[in-house]
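This note sets out points for a colleague who wishes to read the model alongside its sequence. Please keep both in view while going through the numbered paragraphs.

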Amino acid sequence: MAKLPPKSLGLRTEPDQPLKSRAPAARDPRQPRLPFDPMPDRIEPCLALLASKPPKGDEWAFEIKWDGYRLSLHVEPTKVRILTRGGHDWTTRFSAIEQAAKDLGAATMILDGEAVVLDDQGRSDFGALQNALGGRGGKRNAAAAIFYVFDLLYLDGHDITRMDLAERRMLLESVLTDKGGTIRLSEEIEADGEMLLKSACEHGLEGIIAKHRHRPYRSGRTGDWLKIKCVQSESFVVVGYEPSTTMPGAIASLLLAGRKGDGLVYVGSVGTGFKHSVARKLKGQLDQMPIEHPPVRLKAKNVVYARPELVAEIEFRAWTNDGKLRHASFKGLRDEADASDIYEVA
């Protein structure tokens, strides 16, 4: 977010004399020293709580919601580490981001953000990011990925998570100055939340994020951050498939389940959003995951069950009265290392 320059710095200058500072005073022993904080190996991320509408009030800041992989970027004295939300090291999968981090200039820092691949309209495309990485479990290097940074947690020997978001944001803006680079600032947008959400939806974006300006960085889903979506998108467990009757060796649809307590509950199927090649690949994967006892019970006859290990990101419009997804579309498989939350059925 652009900042206006101060109207006055409170300086008194003389036209014929240079500005001079006074001699430094001896340090008062009672003055506290700014402590050095050891760099943490990992910080559990702050997670956004789903909300039905944007909050109101000047204490809330708004950003675009990015659709990619949540990452933590650790710039350490001798190396750079890129960690997934689950703590897995993916540095080798984002070498362009790694190199850009080395060029930032700060000695040590931890950046919180999202790796995305943009479409030709500048929107984040989860499917394109998956392809760049080589799919679930792939080892491809996503050279096209961009890292949008939305928080700064550690800087040059100091843990700044205890600071308010507004204070952390000022430091972050001083670190990230290249708006067109591989590592970019996720811009704070000065707008009414409802108007911003409407605009985001009209432009085909996933939604917006609201963050409380006066809260420290707290791990978990505390409500300090909120996500408001244009189209609902959640992660569900794949529990099997229906074979295609028109395309041999492919699936017609995936069977999906959400978590309820310690078990799984069937939430419907998805039969759109994947190409023929993906439909064949999914069948091959699931055929290698047989299960003796079905993880959910269905009345359908032409169903092949599989071990509930694959997690699919599904976009949908609503829920039916009997708890099934309405107008579901497949976006891609989540990587196990991404540790995305499985949807909890109420």
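The points below treat the cores, the helices, the sheets and the salt bridges in turn.

1. Basis of the note. This is a predicted model, in which local features need pLDDT of at least 70 and side-chain atom pairs count only at pLDDT 80 or more, while totals for chains, interfaces and linings use all residues. Residues are numbered from 1 along each chain as its sequence is written, and side-chain values use heavy atoms, with hydrogens and water left out.

2. The largest core. A nonpolar core is taken as a set of buried Ala, Val, Leu, Ile, Met, Phe, Trp, Tyr and Cys residues joined through side-chain atoms within 4.5 Å. Buried stands for under 20% relative accessible area, exposed for over 50%, and partly exposed for values in between (1.4 Å probe, protein chains only). The largest such core holds 32 residues, and Leu73, Phe94, Ile97 and Ile183 have the most contacts inside it. At least two of its residues come from each of strands E3 (69-75), E4 (80-84), E5 (109-116), E6 (146-155) and E8 (183-185), and likewise from each of helices H1 (95-102), H2 (126-133) and H3 (165-175). Helices (H or I, at least four residues) and strands (E, at least two) are DSSP runs, numbered from the N terminus. Another core, of 24 residues, lies apart from it and includes Val238, Ile251, Leu286 and Ala312.

3. Surroundings of Leu73. Contact here means heavy atoms within 4.5 Å. When residues up to four places away in sequence are not counted, Leu73 touches Val80, Arg81, Ile82, Ile97, Ala101, Met109, Ile110, Leu111, Phe147 and Ile183.

4. Helix H1. Which residues of H1 are buried? They are Ile97, Ala100 and Ala101. These residues lie on the same side of H1, because they cover an arc of only 100 degrees around the axis; the arc is that of the directions from the helix axis to the C-beta atoms. The cover over the buried residues of H1 includes E3, E4, E5, E6 and E8.

5. Strands are said to pair if DSSP finds at least two bridges between them. An open sheet of 4 strands has the order E1-E10-E9-E2, with mixed pairing. Its edge strands, E1 (49-50) and E2 (60-64), each pair on one side only. Within the sheet, E9 (residues 207-212) and E10 (residues 225-229) are antiparallel and share 5 bridges; Gly207 has Lys229 in E10 as its bridge partner. Helix H4 (residues 193-202) packs on this sheet, touching E2, E9 and E10, and its direction makes about 155 degrees with that of E9. Axes are lines fitted to C-alpha atoms, for helices over the stretch in contact, and angles run from 0 to 180 degrees between N-to-C directions.

6. Gly193, Leu196, Leu197 and Ala200 are buried in H4. The buried residues of H4 fall within an arc of 100 degrees seen down the axis, so they line one face of the helix. That set packs against E2, E9 and E10, whereas Met195, Lys198 and Glu202 are exposed on the other side of H4.

7. In strand E12 (residues 251-260), 7 of the 10 residues are buried. Strand E11 (residues 232-243) runs antiparallel to E12 and is joined to it by 6 bridges, with Pro243 opposite Ile251. Strand E13 (residues 263-270) pairs with E12 over 7 bridges, again in the antiparallel sense, and Gly258 stands opposite Val265. A hairpin is formed by E12 and E13, with 2 residues between them; Gly261 in the turn has a positive phi of about 65 degrees.

8. Salt bridges. With a salt bridge defined as a side-chain nitrogen of Lys or Arg within 4 Å of a carboxyl oxygen of Asp or Glu, the count comes to 23. One of them joins Arg168 and Asp151 (2.8 Å, N to O). This pair links distant parts of the chain, helix H3 and strand E6, 17 residues apart, and both residues are buried.

9. Bridges within helices. Glu173 and Arg169 form a salt bridge (3.6 Å, N to O); they lie 4 residues apart in H3, about one turn of the helix, and both are buried. Asp287 and Lys283 also meet in a salt bridge (2.8 Å, N to O). Those two are separated by about one helical turn, because they are 4 residues apart in helix H5 (residues 276-287). Salt bridges that share partners join Glu63, Arg169, Glu173 and Lys211 into one network.
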